[in-house]
Amino acid sequence: MKEKEHVVITVMGQDRVGIVAAVSQALAQYNANIIDISQTILQDIFAMILLVDISSATKNLVELKEILAETGKQLGVNIVVQHEDIFRYMHRI
Amino acid sequence: MPYTPQEILETIQMVENYHFDIRTVTMGINILDCASPDIDLAAKKASEKIKRLADRLLDTVTLMEKTYGVPIINKRIAVTPISLLAQSAESDDYLKFAYMLDEVASTLGIDFIGGYSALVQKGMTRGEAKLIESIPVALSSTNKVCASVNVATTKAGINMDAVLKMAETIKKAAELSKDRDGLACAKLVVFANAPEDNPFMAGAFHGVGEAEAVINIGISGPGVVKAAVERLPDCDFRTLAEEIKRVAFKITRVGELIGRKVSEQLNIPFGIVDLSLAPTPAIGDSVANILEAMGLERCGGPGTTAALAILNDAVKKGGSMASSAIGGLSGAFIPVSEDAGMIEAVQAGALSIEKLEAMTCVCSVGLDMIAVPGDTPVESIAGIIADEMAIGMINNKTTAVRIIPVPGKKVGDMVEFGGLLGSAPIMAVRPFSPAKFVRRGGHIPAPLQALTN
């Protein structure tokens, strides 16, 4: 079994119908597995955060970043894709 | 979810709202083994070695930037001080090394290459004298080459002949690049106690105590620290220091992560993270503004040195917990031209060269990116350098001078250097001459602090 590779995908902007559908469809298309998902309103910004395993995905992190940037543009939201390690390094000792 | 939404958004906001970035990934490369009596052969060997080792530097750093979503502003290379390599050559044409380094930097697509350097704190060899002689032409006829000369250490004292020589070198470099407002001087640093693993330009070189090749990281983040200080407008000093420590820890962790990953990818050992808080000319990314957020009306007024001491110490304490290897300069930078708040403070009449000198006693690195009138005498520049070297020597710390006597400009004029180097107001130098003092010649003996054995 391949080692897990987790990325954190953060969707920020105006809440609207279809964000979850569009993002999860894009991920499913490339076999990226959503492990966890949460939605929240922080400082008046709608934020959806997904933890995704891309170890079996057909696209790598950089490619997914470009694909989701396009999805974000269509939805009018900002989508940030980052390797999990940055959060682990910054927020966990 | 292993992380709270607050944690994730905090990280993203650091980058998007507060200019957090990794200032530089700097690869240090030893080129001592390229020495040869044939200068062309030495330059060719060095060029090949640097290109071979740094071939994938740019691509790897770009990949890391995308993977972690943190901008990495500069990719740089530091080599063994060229004087050590060049002095084996029979030819005197050291400029060949400068042109070689510039060509290598352009080919690899990196931003700067440092190491056109000499270490002359105790005395100068023939090769070192020749290298220093060539610096003005080398820096005014290349784009990416940076030079540094170490003229003092706590252990050796101050080589005052070299101090005077460097003042002359700075004047010449300014003259030769007068069409670009003396830009060559922005790529030249005079050091006391120069570190061997500094990732920051213009002073980076790969020390002789270092491994074959190494990856060093310079972080940035004044904007992030300023935002943290602004969240606590009324707290006492301990609480303030505590908050700065927390932030410094987080930003240094990112430096540690990038360093480890770049090192892994390139199979080159990870050297150090430099904890310096490096400002940029962008609004909000200013060390001066942090001090003002602490409660000063203007950076440069009474209280500035104390505020800077708190900041610098808290950054070090937080940062040193975050990385297994700290090195380089590791202290807040106070370059005038690269910091919008410093520029404003000078223009408001709050910040003078003398106050900056006091501030360098409690932070890194020294009088950095100071523009002065073009007609400032050589002796006055030598005096300014000597003062700063004395601070470094006595306090057992690195200090440096990067001063630009801008040809044709007067106090109050502005000069534009562009990019990260920013723009600088011409600052006043006191008109009283140290000529007799700096022309005594010789060497200032090492202080009592040197006798530690």
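In this predicted model, strand E2 (residues 72–79) of chain B runs parallel to strand E3 (residues 112–119) of chain B, and three bridges join them. Within this pairing, Ala78(B) stands opposite Gly114(B) of E3(B). E2(B) also pairs with E1(B), again in the parallel sense, over seven bridges. Here Met27(B) has Ile77(B) in E2(B) as its bridge partner. Seven of the eight residues of E2(B) are buried, and the strand is thus mostly covered.

| Strand pair | Sense | Bridges |
|---|---|---|
| E1(B) and E2(B) | parallel | seven bridges |
| E2(B) and E3(B) | parallel | three bridges |
| E2(A) and E3(A) | antiparallel | nine bridges |

**Chain B as a whole**

Chain B contains 15 helices and 14 strands. Its radius of gyration is 21 Å, close to the 22 Å that the globule rule gives for 453 residues, so chain B is as compact as a globular protein of that length. Along the principal axes, the C-alpha atoms of chain B fill a box of roughly 65 × 55 × 50 Å. Of the 453 residues in chain B, 61% are buried. Among contacts in chain B with a separation of 6 or more, 80% are between residues 24 or more positions apart.

One residue outside the helices and strands may be considered separately. Asn17(B) is found in the loop between helix H1 (5–16) and strand E1 (22–29) of chain B. Is Asn17(B) buried or exposed? Asn17(B) is exposed, because 12 other C-beta atoms lie within 10 Å and a residue with 12 or fewer counts as exposed. From Asn17(B) to Cys235(B) the C-alpha distance is 24 Å, with the two residues 218 apart in sequence.

**The sheet of chain A**

In chain A, four strands form an open sheet with antiparallel pairing, in the order E2-E3-E1-E4. Strand E2 (33–42) and strand E4 (77–83) of chain A are the edge strands, each pairing on one side only. On average, neighbouring strands of this sheet are turned by 15 degrees against each other, direction ignored. Helix H2 (residues 61–75) of chain A packs on the sheet, where it touches strand E1 (6–13) and E4 of chain A. The direction of H2(A) makes about 165 degrees with that of E4(A). In the pairing of E2(A) with strand E3 (residues 45–53) of chain A, Gln39(A) stands opposite Met48(A).

Notes
Residues are numbered from 1 along each chain as its sequence is written. Chains are lettered from A and ligands numbered from 1 in the order in which they are written. This is a predicted model: local features need pLDDT of at least 70, side-chain atom pairs count only at pLDDT 80 or more; totals for chains, interfaces and linings use all residues. Helices (H or I, at least four residues) and strands (E, at least two) are DSSP runs, numbered from the N terminus. A residue is buried if 20 or more other C-beta atoms lie within 10 Å of its own, exposed if 12 or fewer, and partly exposed in between; C-beta atoms are placed from the backbone. Two strands pair if DSSP finds at least two bridges between them. The radius of gyration is taken over C-alpha atoms; the globule rule is 2.2 Å times the number of residues to the power 0.38. Two residues are in contact if their C-beta atoms, placed from the backbone, lie within 7 Å. Axes are lines fitted to C-alpha atoms, for helices over the stretch in contact, and angles run from 0 to 180 degrees between N-to-C directions.
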